[in-house]
Amino acid sequence: MTEFDARSIEALQPGAQRPRRWRRTPALRDLVRETTLAPDDLVYPLFVVSGKGVRSPIPSMPGVDQLSVDLLGGEAGALESLGIKAVLLFGIPETKDPAGLESHSEDGVVQQAIRALRDASPDLVVMTDVCLCEYTDHGHCGVLDSEGYVLNDETLEILARIAVSHGEAGADVVAPSGMIDGMVGAIRGALDGEGLERVAILSYAVKYASAFYGPFRDAAEGAPAFGDRKSHQMDSGNAREALREAALDVEQGADALLLKPALGYLDVVRRVHERFPELPLAAYNVSGEYAMVKAAAANGWLDERAVVLEVLTGIRRAGADLVVTYHAKDAAAWIQGAGA
Ligand code: PBG
């Protein structure tokens, strides 16, 4: 055996590759980072309730509150000062009924919220969730037949009405989240019919039937009273089907696609991104994903800041342009702090 010079890999491999040269200092690392995260990549969800001066914490989502309409202006100002440019609104109505009537009432809680945000923060991008589950007394995403099955085409008509009422109130983007076949086409047709061509559709094209929505259902008070959402939301084993769902929504005129949850489905984020590179893609870092990080951080088991920034960067690296996340405010503050 010849002698091995342990001091240098060049002795063994002349001109050896040394990827670590780019990792030596923070500035070198910053210079070659492939995926970056900025506050304007983030969308912050807001849960809006009726009443005045209401800020009620959601126990399973520490740091997230239900807010009444009068507090939204202040919240929007705080978001804008953090560099966050978009919110996604969910309404918790005062009354629920089998057909979810408040969902498209001119004075519904979301319609009021949209107008309040438009007044307070004209530049903020206002996105709205378009679904029935928060508004129906049975908690399902559409009208039901006698067996409790969500009726597709009967539901489409209501979704279209909701989207129009949001557009009329001033929403920039409507985000149908019900996984009802044909929802994008029905909504586009209705918006255009009412002269609301400017309103964009961010379709929840790929939404899995996930146990990670649990805390959200506390927050939005929209858990199904019986059964589950498996007759319309996707099965977690399927990825090719996601491409079919996305293709149908693109065909029907979706302006952007959303996929959720994020973390268990990053392979699907990547595949949708590669198949439809021309459309903005959003991924929803959902309530259960948020709750896991918060619980572990509260126990001192994880470094919250490092984990959150790593998770959000990972979702972007998988192919998402935008990330809807309850961590948005903290993440934006950390990103800004890092740059200062
Ligand atoms: C339906 C809707 C849900 C979420 C967003 N829109 C709940 C569901 O489908 O059961 C979940 C978001 C989250 O878990 O953070 N309106």
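Select Arg229 and the ligand: a polar side-chain atom of Arg229 lies 2.3 Å from an oxygen atom of the ligand. Taken alone, the ligand exposes 410 Å², and the protein buries 100% of that (Shrake-Rupley areas with a 1.4 Å probe). This is a predicted model, in which local features need pLDDT of at least 70 and side-chain atom pairs count only at pLDDT 80 or more, while totals for chains, interfaces and linings use all residues. Residues are numbered from 1 along each chain as its sequence is written, and side-chain values use heavy atoms, with hydrogens and water left out.

Next, select Lys207, where a polar side-chain atom is 2.7 Å from a ligand oxygen atom. Then go to Glu134: an N or O atom of the Glu134 side chain is 2.9 Å from a nitrogen atom of the ligand.

Now show the shell of 19 residues that surround the ligand; the closest are Arg217, Arg229, Lys260, Ser287 and Tyr326 (a residue is near if one of its heavy atoms lies within 4 Å). Colour the shell by class to see ten nonpolar, three polar and six charged residues.

The last stop is Ser210, in the loop between β7 and α6. Is Ser210 buried or exposed? Ser210 counts as buried because its relative accessibility is 10%, and buried means under 20% (1.4 Å probe, protein chains only). From Ser210, the side chain reaches the backbone nitrogen of Phe212 at 2.9 Å.

Definitions and conventions: A polar contact is a pair of N or O atoms within 3.5 Å; within protein, one must be able to donate a hydrogen and the other to accept it, and residues adjacent in sequence count only if both atoms are side-chain atoms. Ala, Val, Leu, Ile, Met, Phe, Trp, Tyr, Cys and Pro count as nonpolar, Asp, Glu, Lys and Arg as charged, and the others, Gly among them, as polar. Helices (H or I, at least four residues) and strands (E, at least two) are DSSP runs, numbered from the N terminus. Buried means under 20% relative accessible area, exposed over 50%, partly exposed in between (1.4 Å probe, protein chains only).
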